[in-house]
Amino acid sequence: MMQQALIPVFALLCSMLAAAIIFTLPEERQRLRTVINLLAALIKVALVGVMTWGVLNERDYGLSYEILPGVSFVLQADALAMMFAGLSAVLWLLTTIYAVGYLEGSPNRSRFFGFFSLCVASTMGIALAGNLFTFFLFYEMLTLSTYPLVVHRGTDKALRAGRNYIMYTLSGGAALLLGIIWLQGLVGDISFQETGQLKDVDENLHLPLMLVFGLLVAGLGVKAALFPLHGWLPQAMVAPAPVSALLHAVAVVKAGAFGIVRVVYDLYGIEFATLLGVLEPLGWLAAFTIVYGSVRALSQSDLKRRLAYSTVSQVSYIVLGAAVFGPVGTVGGLVHLLHQGIMKITLFFCAGNYAETLGIHKVQELNGAGRRMPLTSAAFTLAAFGMIGAPPLAGFVTKWTLGSGALNVGMEWVVAVLLISSMLNAAYFLPVIHRLWFLSEYEWSYQRRWGRLETHSWLLWPPLVTASLTLLAGLFAVLPFSPLSWAELIAAREYLP
Amino acid sequence: MSTPLLYALTGAVLWGIGLMGLIGLRHLLRKLLALNLIGSATFLILVGLAQHHNGPDPVPQALVLTGIVVSIAATALGVVLIRRYFHLTGRTELESEVPEAGRDEEGHSG
Amino acid sequence: MSNWLMAGLLFTPLALATVSLLLGFRQGRALSWLGMLLQLLVSVGLWWLVRHEGGFYYTLAGWDAPLGIELRVDGLVVTFLLLTTLVASGCGIHAGFYLEPDRPWQRYFWPLYWFLWAGLNTVWMGGDLFNLYVGLELITLSAVGLVALGGQAEALRAALRYLLAALLGSLAYLLGVALVYGQFGTLSLADVAGQVRVSEHALLMRPALVLMLVGLALKTALFPLHGWLPPAHGIAKSPVSALLSALVVKASFYIAARVWLEAGVAVASQWMAQLLGVLGAVAIIWGSWLALCQPRLKQVVAYSSVAQIGYLFLLFPLTFGVEASVSLHAQQGITLQVISHALAKAAMFLAAGNLILAVGSNRVEALAGVSHFLPFSLFSFGLAGVSLMGLPPSGGFAAKWMLLQASMASGQWWWIMVLAGGGLLSAAYVFRIYKASFLERDEQDHFYHPDRRLEVAAMLLALASLGVGVSGSQVLSVMAMPFEEVQ
Amino acid sequence: MRSPAARIGMLLLALMLTALLGRSVWQLSMLEPASDLPRQLQDKLAASGVEHPVTAVLLNFRSYDTLLEIAVLVIAAMAGISMARTRSLEDPELRTSDTLLRALLRWLVPLMLLLAGYLLWAGADRPGGAFQAGAMLAATGVLMRLTGLPLDFLRPGILLRIGLVLGFALFLLVGLASAIAGDVFLAYPREFVKGLILSIETLLTLSIGMILLALFVAAPVNDASEPEEGEK
Amino acid sequence: MVEILLDLLLALALILTAAAALLSQDLFRAIVVFIAFGLLMAVCWVRLQAPDIALAEAAIGAGLTGVLLLDAVSHFRRGRGTDSVVEEERG
């Protein structure tokens, strides 16, 4: 029993420990650093696997410890937690491999990988947090540990982006903190629980609870890049590619979206939230962000910027799913947490490869890159089609479930939003794909040879793996342990019987 | 009105004078002087008020003895610091905007 | 057992001060290691004792209060004693390797350091108003001596300004004590607290209370009486700045808080409490803003102290006229703030000293590129900054959390705004330093590498400030230990 | 010069303070006496080992205050001599050649020393004691210095420093000894109390005299200065 | 009656010397007045039946503090280079 409660702690500690060791390593101990990184990532994947198996069998991995009078530090592993934990564990492994290849020979790697590990530890903590207090703890830790990654290059531009990032996220954190404190004042120290904790509160608390909801969403919405709080995200793409991948697919943006999901389902409870009437505005906000992000993406000539606006749009699918009442809609939102992760990380990996190998940053420089880098471009294409929502890829599963869930509860406008967004997605991704494969080669000023392969092998394998995951997640959506069936498991537990 | 009370009230007046001197005067030695005045005023109030009630009271008297020693220590430390400060800068005032003539203490007393 | 421990606690710093005055810097340093170890043993022993058996009064010289002087040893006191040991040892170790041992005047560092320590211990335990005054003067004079030690004109100017302000503050406090003695005929704080609650003329204590609080606020550098602090803390040697910011200003605040909680709340008025809170709030905002504008690294840290001290003064409104549970929350929050700020600020000053040593300049811009040469000290600086910003998982966060809860529960929502805004402003000045250090410049390539031991001292303190954040409940539980009232 | 507005503000502040303070003192004087501290003191005076109540308070009942107060003095002295960086503390400018004055001093100095001794001895049952005696010693020293008599023992060396802390160290050791004997810190054993107080006072007198004198003499005259931190 | 009058006079003298010590244009004179203030304080203490303090005040408060300050003033004047003032100070 005791060992069982310690598994979440170990899952947290293994990357923190890795961070501590890496910080103290001298810069030139490259091999040892890589070994520690990969070892920690593998252990984490294993631990998360064990916990996932346990959660499926309804085992309880709870740990509670009073950190301040009246406030506890709670870790718990439930189905939703495992979904996010699994995503971050697997993608961390891949991103680590990618980052080792990407940063080969560049300065400050001890610092980079140290904060990288801390960042993933915080993500794991966010996933496993059992109450808002613990969630906030790791949420702010994430903010702090990503700042050095964003400004890693130390250029003026990076520092400016870092300043904006920190301004946005800390203000968001302050709003979140106020919400948490207020909530605590109203109902005491409550933990997350499936189907929510607030359904039985007194009638006259409804108004304050609505305001608290607003504060919480505002706080979380900064990281989730909800309009109009998304300003930091496109700027933050000056960070190195693995950091962008992490920011957009695994850690920061996801932490915000995951937090909103947690608040809606496990704190307020979807029924109670619907009763309060707070979901509808949230849905509209998400829908607007989806369209807005896509429209802005259209006009971006910088590849990573275009991808960043695409993230603004795509993450809001998750929020939209949370705002749609009914199990099917919930599944649609939750499954996108995973799907968006693997698709977007593929795109950023590929963008990084283009930049490293051919020095490509602008969209028009991609002309003909498909012939020079066929594998990378294939992965990019696959993920882009996934984003557009073409069957049988992961994105299609999301949009289909989300759409049918909305139709079930009579929210036809959601389907309209989905259609518009898909068309816009197509409008900004298809030209890129067209350039990749069908236009004549651009005169790249900078070309790097990596022997037989089109690029460094550590840079090549991660996007290929994630791209095939995109395909598999769509093809085998009905199998057990696929993202879809896991999301269905969560949804089944989130609704009152 | 008893004698001790009279001196306690005198102490109150001296506090006012001393405070005004401390804030208003610029020369560091004068500030130190004002602080000493304030100290004496405090001691007067301490002993005066207590003895108004109790008659001769050795406890506050002992406290004042301690207080006097503490204040000579502080004054002496202050004088040492002021002298060295003067030695290094030629100034006898804290304000940095005062020009070099600041070492002339007659110029800005009162 | 308690007699031995108490004797050790009182004797060690004074004896160390005496003996080290007769030695040179190096021998004094060697002896001081021993003294720190002794203090650590003694304070841990006392902490353990109080944790298991509760607090007690210690009658010095064998005479009971009010004739004699009684020291009060309870959970809060032993916590502060332990805190003092940790912080002062950290600063002492740092100073031992930071100061140049061959300067003739450095031999006076250790005696001053130990006298300062003795004064701090006296203040934490003091239960006698006049004894507290003497303790304060002991602290003030040794602190001024440390600031001025071997100093240049600027240091002397700062020391003088500090001396004048601190003396005025002490005298105002002493005047308050004189009035209290005139009213109640006792100097024992416990007696005063008892009489205030039964006397029908208790309200006449108000002027005395105001005088004490104003005097102590001046010594604590509460806005707008903070003018002396930034020069003194900014110009002193880094380990000295660390001691001053971490512990010395806390001593006068501690007395103010003790007087307030034991006697003040019974006679004060709402506007006094709110006024102190408002001044604290202005200090938070204004101090943080000024910290943001400073061109010199240590000035940034010093102004940050002005801001952080502001938080302490929220104690007054949050404990006046509120329910007991709210007041308890506020007290716990302030205690955590004192502890975590002490650890974090000491770590920050020590780390700042290392950074200055490394880049050879006190200017913030000079830090460019230092992040890959001195990540260890920079990291300590960063961790300490986390606590100052009030971000989790740090003691600063725990403190802020408790204060937010208390403000919420007492309905004084305006402090919530201050707490939130202050956190963001402090983030602004802390990140300004990070930003400067992350900037990559090609020409900056060689930095001086300071002694590893200097970095370790800063690091340990910074880690401790985080540790407070995750063990807040344990820290606070000792303070809840029963205390036998001796009548 | 301050602006007129500032001056008026200061004046008002001081007036207000005086008025409030005066009112408070007046009000407090109307109260019934609250304390029986003097009576308690009388009751316990016999046990204190000295007959003079002020000395009893200073060196027995509130001896911790006195201990710390000496510490404050030592600090001031230390800070003083830390600033003096010349080998000799004598001031050649002050050396007098006035023979009459010298002759006068030859009488005056021993007389003052005698007076100091008397004050010290009287402290036990009459007004007087270590502080007054110490101050008298210091005054003698000041006189000697102002007239240029040599004060060789005041060189900033180990001897001076030993002299500064001698009284304090004895005080401290007595405190420790009583603690080691199992009692509280600073509690004198009943049977030695008078002797202990007297010996503490004697050494304190010496130390206080030296401290005050050192403070007076330690005029900083030198050019040594250290660069500011980080500006090397 | 006579005693009260004496006390009143003494109190008045204290206040006047205090004010004079702070307001005096000449620093040297200010300190001399301050020494006078200290001696008056000593008399006060006698009136308050505190001979111990009276002794200490006369020796420390007035005597030593005064000498310290006077010495400092003479130091400042020497720094300015007027030797005549040194003579004045000794007198």
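Of the 110 residues in chain B, 77% count as buried, where buried takes 20 or more other C-beta atoms within 10 Å of a residue's own, exposed takes 12 or fewer, partly exposed is in between, and C-beta atoms are placed from the backbone. This is a predicted model: local features need pLDDT of at least 70, side-chain atom pairs count only at pLDDT 80 or more, and totals for chains, interfaces and linings use all residues. Residues are numbered from 1 along each chain as its sequence is written, while chains are lettered from A and ligands numbered from 1 in the order in which they are written.

**Chain B**

- Chain B has 3 helices and 0 strands, with helices (H or I, at least four residues) and strands (E, at least two) being DSSP runs numbered from the N terminus. Along the sequence that reads as α-α-α.
- An unreviewed UniProt entry annotates residues 6-25, 32-50 and 62-82 of chain B as "transmembrane region". UniProt positions are in the numbering used here, feature names are shortened, and annotations may be inferred rather than shown by experiment.
- Residues 6-25 of chain B come out as 95% helix and 0% strand, with 28 Å between the end C-alpha atoms. Residues 62-82 of chain B are 100% helix and 0% strand, and their end C-alpha atoms are 30 Å apart.
- Among contacts in chain B between residues at least 6 apart in sequence, 54% join residues at least 24 apart. Two residues are in contact if their C-beta atoms, placed from the backbone, lie within 7 Å.

**Who touches whom**

- There are 6 pairs of chains in contact, and chains C and D share the most contacts.
- That C and D contact takes 51 residues from chain D and 58 residues from chain C. On the chain D side, helix 1 (4-30), helix 2 (37-48), helix 3 (53-61), helix 4 (63-83) and helix 7 (158-180) each give two or more residues. Helix 4 of chain D gives the most, with 12 residues.
- By class, the side of chain D that touches chain C has 28 nonpolar, 11 polar and 12 charged residues. Here Ala, Val, Leu, Ile, Met, Phe, Trp, Tyr, Cys and Pro count as nonpolar, Asp, Glu, Lys and Arg as charged, and the others, Gly among them, as polar.
- Some pairs don't meet: chain A and chain D do not touch, and their nearest C-alpha atoms are 25 Å apart. Chain C and chain E have no contact either, with closest C-alpha atoms 15 Å apart.

**Inside chain C**

- Chain C splits into domain 1 (1-268) and domain 2 (270-487), bounds that come from an automatic or database domain assignment. Taken over C-alpha atoms, the domain centres are 21 Å apart.
- Across the domain boundary, 45 residues of domain 1 of chain C are in contact with 50 residues of domain 2 of chain C. Helix 10 of chain C gives the most to the domain 1 side, with 14 residues. That side divides into 29 nonpolar, 13 polar and 3 charged residues.
- Strand 1 (residues 56-59) and strand 2 of chain C run antiparallel, joined by 4 bridges; two strands pair if DSSP finds at least two bridges between them.
- Ile339(C) sits in helix 14 (residues 324-359) of chain C and is buried, with 28 other C-beta atoms within 10 Å. Not counting residues up to four places away in sequence, Ile339(C) touches Leu83(C), Gly395(C), Val468(C) and Val475(C).

**The nonpolar core**

- A nonpolar core is a set of buried Ala, Val, Leu, Ile, Met, Phe, Trp, Tyr and Cys residues joined through C-beta atoms within 7 Å. The largest one has 573 residues, of which Val147(C), Ala159(C), Ala71(D) and Ala76(D) touch the most other members.
- Helix 6 (residues 153-184) of chain C supplies the largest share of this core, 23 residues. Domain 1 and domain 2 of chain C both give residues to this core, so it lies between them.
- Leaving aside neighbours within four places in sequence, Ala76(D) is in contact with Ala73(B), Ala74(B), Ala76(B), Leu77(B), Leu141(C) and Leu215(D).
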